[in-house]
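This report describes selected features of one protein model. Please consult the sequence and the coordinates alongside the text.

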Amino acid sequence: MTYEVNFDGLVGPTHNYAGLSYGNVASLSNATSVSNPKEAALQGLEKMKAMHDIGLKQGVFAPHARPSLAPLRRVGFSGTDAQVLEKAYKYDPILLRACYSASAMWTANAATVSPSVDSSDGKVHFTSANLNCKFHRSIEPETTTNLLRAMFANAQYFAHHQHLPEQPFFGDEGAANHTRLADSHGSKGLQLFVYGSSGFNSDIKGPTKYPARQTLEASQAIARLHKLDDKQAIFIQQNPNVIDQGVFHNDVIAVGNENVLFCHDQAFIDQTTSLTKIRQAYIGEKPLHIVEVPTHAVSVEDAVKSYLFNSQLITLPSGEMMLVAPEECAKNDNVAAYIEYMLGAKNPISQVRFFDLRQSMQNGGGPACLRLRVALNEAELKAVNPEVMMSEDKFIQLSAWVNKHYRDKVTEQDLADPSLLQESYAALDELTQLLNLGSVYDFQRA
């Protein structure tokens, strides 16, 4: 038996709205709003518990330590921790906001993962994303790798790779631009890598307004690192026009699960040809279902506002497929009408469940952004650090931890307060014990 395990990012204690992500419409439109880290973390835990309660395997991905002081010290801010914060707030508040960002909650960007059934060495492969398109995310890869190694420590089953070179030619944003199509999670599958531009080939035209965050070269490198057969990897370009409309990752316009690809009809460049290539490359015995949403039913603007395609598409223990969608989908008339139509149409998606993830949504991340999918067989699942797996007791434990340590309001002025740093580090030090992670943070290793 093979399970798809979702490892959801636990929102960090410094969750705030800094408007750092150019090209992410929600992030920019909510810049400088007052955030509620406690509500955000509890909303995420409620979703994790709900997935566990319906019979799915669910994991927890710890947040990163913020503020990250190393970048501030590297660019000349010196003194005690409190003095570094004071100086940065005075002379470069934008940089300080970036170093406080809790964006690591969106674990779809943490790494790209390939299951053992697809890799020639029979191991599950992880490559942390370099996230070099945005400064506040470019400081994440080393901690991400530390966390992944602490969660998936057994070298008999798991292979970890260093993130790709930290420059634009190998821009990599992880699983948000990658999905896997197969008869089942335990069957050999086709890994679909979606890129926005090429680092080396100028003939491949990218977007003109917003940056393309994933390059063809990065996707090809990951396929090599993960020891994928050529027949099990396909590289398709995202439609640059929708990137310029705020579709900054492929998972804002398409999502796949087993033998279903759910996508907008403007998701890929030369859509008809792209979908034909995917159909021809599919290696399963079951039919591949492509549920293509027409623009006249749901515009790109509505897709971005509602995050319809940033829903999770999951297989229930019964074998039915469920769309796990943000509440914004139910509140958008066009999107709600399409979902109702889709559930009655001939395709494997038969259920929908809506979740309140407002704190994450306002920063530009829906249900799919919050999770990293890892397909694991029975032996591999047993080799995972058991303390990061969701259970009734773990939910109670983590909810109590959040209520003990998190603030219910963070403003821009709070970022200059050294007590926020102290509270955050103390909370995370305790969390590493609750999740049996060891010393994964710089402040613990200093």
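Which residue of S8 does Val194 stand opposite? Val194 stands opposite Ile236 in S8. The model is a predicted one, in which local features require pLDDT of at least 70 and side-chain atom pairs count only at pLDDT 80 or more, whereas totals for chains, interfaces and linings use all residues. Residues are numbered from 1 along each chain as its sequence is written, and side-chain values rest on heavy atoms, with hydrogens and water left out.

Helices (DSSP H or I, at least four residues) and strands (DSSP E, at least two residues) are runs numbered from the N terminus.

Two strands are said to pair if DSSP finds at least two bridges between them. S7 pairs with S6 in the antiparallel sense over 4 bridges, and in this region Leu181 stands opposite Leu190 of S7. With strand S8 (residues 233–237), S7 pairs in the parallel sense over 5 bridges. S7, helix H8 (residues 216–225) and S8 together make a right-handed β-α-β unit; right-handed means that, with the strands pointing away from the viewer, the path from the first strand over the helix to the second runs clockwise.

## Leu376 in strand S15

Leu376 is placed in strand S15, which spans residues 371–377. Leu376 counts as buried because its relative accessibility is 0%. Leaving aside residues up to four places away in sequence, Leu376 touches Met1, Thr2, Tyr3, Val5, Val124, Phe152, Phe158, Leu381 and Val384, a contact being heavy atoms within 4.5 Å. The C-alpha atom of Leu376 is separated by 31 Å from that of Glu39, which is 337 residues away along the chain.

## Cavities and pockets

On a 1 Å grid over the protein atoms alone, a cavity is a set of points where a 1.4 Å probe fits but cannot get out, and a pocket is an open set with protein on both sides within 12 Å along at least five of seven lines; lining residues have an atom within 4 Å of a point. Grid points are joined across faces, edges and corners, and a volume is the space filled by probe spheres set on the points. The structure holds 7 cavities of 30 Å³ or more.

| Space | Volume | Lining | Nearest the centre |
|---|---|---|---|
| Largest cavity | about 240 Å³ | 19 residues | Glu4, Val113, His178, Arg180 and Arg373 |
| Largest pocket | about 730 Å³ | 29 residues | Ser68, Ala70, Pro71, Ile139 and Asp442 |
| Second largest pocket | about 310 Å³ | 16 residues | Met1, Thr2, Tyr3, His185 and Thr315 |

Residue classes are as follows: Ala, Val, Leu, Ile, Met, Phe, Trp, Tyr, Cys and Pro are nonpolar, Asp, Glu, Lys and Arg are charged, and the others, Gly among them, are polar.

In the largest cavity, strand S6 (178–181), strand S9 (254–257) and S15 each supply at least two lining residues. The largest share of this lining, 5 residues, comes from S15. By class, the lining of the largest cavity has 8 nonpolar, 6 polar and 5 charged residues.

For the largest pocket, helices H3 (69–74), H6 (135–138), H7 (141–151) and H18 (442–445) each supply at least two residues of the lining, and H3 gives the most, with 5 residues. The lining of the largest pocket divides into 14 nonpolar, 7 polar and 8 charged residues.

In the second largest pocket, strands S1 (2–9) and S12 (312–315) each supply at least two lining residues, with S1 giving the most at 4 residues. The lining of the second largest pocket has 6 nonpolar, 7 polar and 3 charged residues.

## Backbone features in loops

The peptide bond from Arg66 to Pro67 is cis, with omega near 5°, and Pro67 is found in the loop between strand S2 (58–61) and H3. Leu131, although not a glycine, has a positive phi of about 50°. Leu131 lies in the loop between strand S4 (124–128) and H6, and counts as buried because its relative accessibility is 1%. Asn436, also not a glycine, has a positive phi of about 55° and lies in the loop between helix H17 (418–434) and H18.

How values were computed
Buried means under 20% relative accessible area, exposed over 50%, partly exposed in between (1.4 Å probe, protein chains only).
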